[in-house]
Amino acid sequence: MCGIVGLFAKTPEVEANLGALLAPMLHEMSDRGPDSAGVAFYRNAVAAGQTKLTLQHDDATYDWDVLRTAMQDAFGAEHSIERRANHAVVIAHAEAAPVETWVEEFFPDVKIMSAGEAIEIYKETGRPEKFIETFDIQSLNGTHALGHTRMATESKVTTAGSHPFSTGLDLCLVHNGSLSNHNGLRRMLRREGIRFQTENDTEVAAGYMMWRQREGDSMQQMMDNAFEDLDGFYTFLIGTRDGFAVVRDPIACKPAVIAETDEWVAMSSEYRSIATLPGAEKAQTWEPAPATIYAWEKEKV
Amino acid sequence: MTTATDIEVVDLAVTPLRELNQRLHDAKNGGPKSWKIVNPNGAHALAVGIDADLDVLIEGHTGYYTAGMNKHANVTIDGNAGVGVGENIMSGTIRITGNASQACAATGRGGLVVVEGDAAARCGISMKGVEIVVKGDIGHMSAFMAQSGTLVVCGDAGDALGDSIYETHIYVRGSVKGLGADCIEKELKDFHRAELGRLLEVAGADAKVDEFKRYGSARTLYNFNIDNAGAY
């Protein structure tokens, strides 16, 4: 069992208060996933030619300024870095690929949680309420956000095994369920050049999506392939640069509820976390059908 | 002093769920007959295990297993209900004004469950005597291993309807995406017309008996067939 939540802002007010609205939703899902928690926020997009990275180090007192200074020397220009608990968001003046390679080469004990223009991923083991407090989730703004509370079934309780999983630039995945053919898929994906950090089944689903996107699949094509190839139970919440998508497996084994008002779209494993939102009782509320993609996107200005 | 005609209002934003459920259980020994529960906010196991002739109105959406194991009481959920509403209902009536999530009235042994909106997957799974009327659509794998009772669907049914069914009567007005193993369309006889007409009336459903088709067991799966002996 795990809990997943998502919130998509339709108004500037909801965008400004996204973290304050998402935190109670996540907290309400603590019973479904007490061992780890994580969020992906899409916020404060960087300018063209820049890359935003979320980095993590096991030592909460890690001196991020060393990395920032070294990165400036390597890539030029002024780099900013902002610590959030044992994570840090750095805005690099370079394309994603060379910066990620550079971090991996020169700071091997630093983990890259996410990369892109807008995405920030924070995740940690421990009780969700502690996570919310430590990472000050309430203070975050954003256009949309995804969250996860984990009750591990397939692999170890570690930061790397927590959700969301990055699936590429500005892309991420959270998952409630379990996959039974992840070992075989992981071997296949390794041959395709996809790298894995853990023995976790969701990381394999994330790697699968990374692979399908690399092969040029649209969201629909990717999920049509996934319905064939992923054996197991899942409700997926997939984060993209401009929105998110909800998909359940073809027999809808794991729960999911969607609610929509003029102000927001919310998704959760259970209604009780949506009930924490203002206007929830008047929202249009429904249960997504199996093997069907429900997606929301910000209109591009 | 409370009289039998007073409505007992319980606000779940103030009263703990266990305290409310205990009071509903204790109502068997006397006390208010009419209850109104406000601010359910998706709480699980709400009004579970009532064993008294009560009228309970829940204003708002509920979580899992609402009014499960209900005996005698009339429970109305003015909103949507989560997974397993009316699970193992024994008697009484449960009415959901919105939609019901999956496994609505699962394993129900008696009583009536009415869903004004849609019911999701596995509606009436393993039902054993309950009567269910859904005014909207039902999801896939509904009435899976259904043993007895009646399922009426005024809208459409999802895939694998009545898979491995025993003796439940299923009536569907709309389309059926697919029938499960050993479930077939059957003749609508006078007995069935009467049963269906009664349930449509009790549920307040605006539908005519002749618009429905009946589905039930082909009885090839659960009877031992000597030709299959080699398969065991």
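**Exercise 1. Which residues of helix α6 (residues 182-191) of chain A are buried, and how are they arranged around the axis?**

Step 1. In this helix (a DSSP run of H or I, at least four residues), the buried residues are A:His182, A:Leu185, A:Arg186 and A:Leu189. Buried means that 20 or more other C-beta atoms, placed from the backbone, lie within 10 Å of a residue's own, and exposed means 12 or fewer.

Step 2. The four cover an arc of only 105 degrees around the axis, so they lie on the same side of α6(A); the arc is taken from the directions from the helix axis to the C-beta atoms.

Step 3. Now look at the face turned away from that side: it carries the exposed A:Asn183, A:Gly184, A:Arg187 and A:Arg191.

A word on the model: it is predicted, with local features needing pLDDT of at least 70 and side-chain atom pairs pLDDT 80 or more, while totals for chains, interfaces and linings use all residues. Residues are numbered from 1 along each chain as its sequence is written, and chains are lettered from A and ligands numbered from 1 in the order in which they are written.

**Exercise 2. At what angle do α6(A) and α7(A) pack?**

Step 1. The angle is about 40 degrees, and the axes are 9 Å apart. Axes are lines fitted to C-alpha atoms over the stretch in contact, and angles run from 0 to 180 degrees between N-to-C directions.

Step 2. That makes α6(A) oblique to α7(A), since angles under 35 degrees count as roughly parallel, over 145 as roughly antiparallel, 65 to 115 as roughly perpendicular and the rest as oblique.

Notes. Helices (H or I, at least four residues) and strands (E, at least two) are DSSP runs, numbered from the N terminus.
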